[in-house]
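Please work through the exercises below with the sequence and the structure side by side. Each task is followed by a solution that goes step by step.

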Amino acid sequence: MTVRPGYYLRVLAVSMRTSLVTAMQYRADFLVQGAMSLLWTGLALFPLLVLYGDRDTVAGWDFAPALVVLGLFTLMRGVLEGAINPSLMAVIERIRTGAFDYTLLKPADAQFLVSTTRFAPWHVIDVLAGAGLVAYAFTRLGRAPGVAELAATLALLAAAIAVMYSLWILIVAAAFWVVRMDNLAFLLGAVFDAARWPIHVFKGAWRFVFTFIIPLALMTSYPAMALLGTLTVEAALACLGGAAAFFALARAVWLLAIRNYTSASS
Amino acid sequence: MPTMLRVGLAETIAYRAEMVVWILTTTMPLVMLALWSSVADEAPFRQYTQTDFVAYYLGALIVRNLTSNWVAWQLSEEIRLGTLSMRLLRPVHPFASFLATHLAALPLRALVVTPAIVILVLTEARAVLIDDAGRAGLLALSLAGAWLLTFGVFLAIGALAFFLEKSLALIEVYFGVFMLMSGYIIPLDLMPGWMRTTAEWLPFRYMLGAPVELLIGRYPDAAAAAPLVATQWAWALGMLGVAGLAWRAGVRRFEAYGA
């Protein structure tokens, strides 16, 4: 299939507009979502407040840097629940019912279509809350991140989103073989909860798992370190390379899975 | 009742994989354990040593999984779709049939948390656990009380679907408050004073924190722990009463829909 960027951009824009129009019909959800976002951010903040009320530093992290990690966690959770989860939950349902066949018939790449079917725009509140926490942490530090640090952070966050998305695509690909996958999606969300602390809090085997196997470190700790200016260039490049490799792997598995797809009815 | 329990057990076994994955999503105590054990690695945090934290959060993981149920989702779904009518036609009270289903899930739940229990007993965390018959008996009572209280709360929340369209959104709010006030994310001992007082007046700690505190020996003897368990049972019975009232009012409305 030839690559047609303009075409795909238009499809994406239409899909986003549809989601926005749908969301606008349930405006009360905006308030509910806002309240929930505040509640969950407060919940995540609470142990840190108790902890740093007594201690100055934990595993080499002071309060403000730990707050940056928590802010990025909140932001990334917003991205996950707003832009990645809704579409991919929908596709798992379609695979189960057999409606996925129609997606395959459409004249566009199936992975692109299933990844952009639905968005939950109200989760933008989580993203703003996360950014707010980061901004507050930097006012506590009394300085602002430099342009280079900001650019590195944005690149790492993009890599983190790619990794999160790739994990999801792997789960969806698994749904071609094992039909009931929707609660595995919740499992991924539950594991992601561990990304709220700096990676150095985890010891031994757990740190290895959360760095290399389920790369939670890449999702919050490394971008936070980049923003604080404590991440080495080599580590940042390794993250970007790893994310690209992971993305390619997920794509390869997806293509393999599609080839083996036999529809729900056959 | 034995037949209903058997049916419930068969259902649990049929959906075992799904349920095991659900249980595995309870990662929050482990996430908190990672943070606090790293903190206590250097020096004890107030009265909690690293071993205390390990015992507390493993205990929280076990209690949470043993006492949890999904009756709120089940009930609100059946009310919304109208399938509750089927249940109403049967000669047993729907509460009894819900009770049987969720009691029958207990063996599988116990099986899944066994690794956590083994770790708790085999590692040095064992040192902080209670070992006298009196407190162990109270712990068993307290676990039963926590189960009943959770069941009552979820029944009451589920019954809200009689009155509200989006009652499931409330569950999320409920969970937020529960996590904060029950000792799920942080032991009551470590909360700031005013918050601890609030938590002690609310029912949430009796659903999780109370049995865990009892387990890790926060009460010196059975006499000191008895008032805790008594209050817990009072909450549990009171909450079942509230659920019963909400149910009676709700069913009247439900029938008025012509379902």
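**Exercise 1.** Find how many salt bridges there are over all chains.

*Solution.* A salt bridge is taken as a side-chain nitrogen of Lys or Arg within 4 Å of a carboxyl oxygen of Asp or Glu, and by this rule the count over all chains comes to 12. This is a predicted model, in which local features need pLDDT of at least 70 and side-chain atom pairs count only at pLDDT 80 or more, while totals for chains, interfaces and linings use all residues. Side-chain values use heavy atoms, without hydrogens and water, residues are numbered from 1 along each chain as its sequence is written, and chains are lettered from A and ligands numbered from 1 in the order in which they are written.

**Exercise 2.** Determine which residues Asp189(B) pairs with in salt bridges, and whether Asp189(B) is buried or exposed.

*Solution.* First, Arg196(B) forms a salt bridge with Asp189(B), with the closest N and O atoms 3.0 Å apart. Next, Asp189(B) also forms a salt bridge with Arg218(B), where the closest N and O atoms are 3.9 Å apart. Because its relative accessibility is 17%, Asp189(B) counts as buried (under 20% relative accessible area; exposed is over 50% and partly exposed lies in between, with a 1.4 Å probe and protein chains only). Arg218(B), at 27%, counts as partly exposed. Finally, salt bridges that share partners join Asp52(B), Asp189(B), Arg196(B), Glu200(B) and Arg218(B) into one network.
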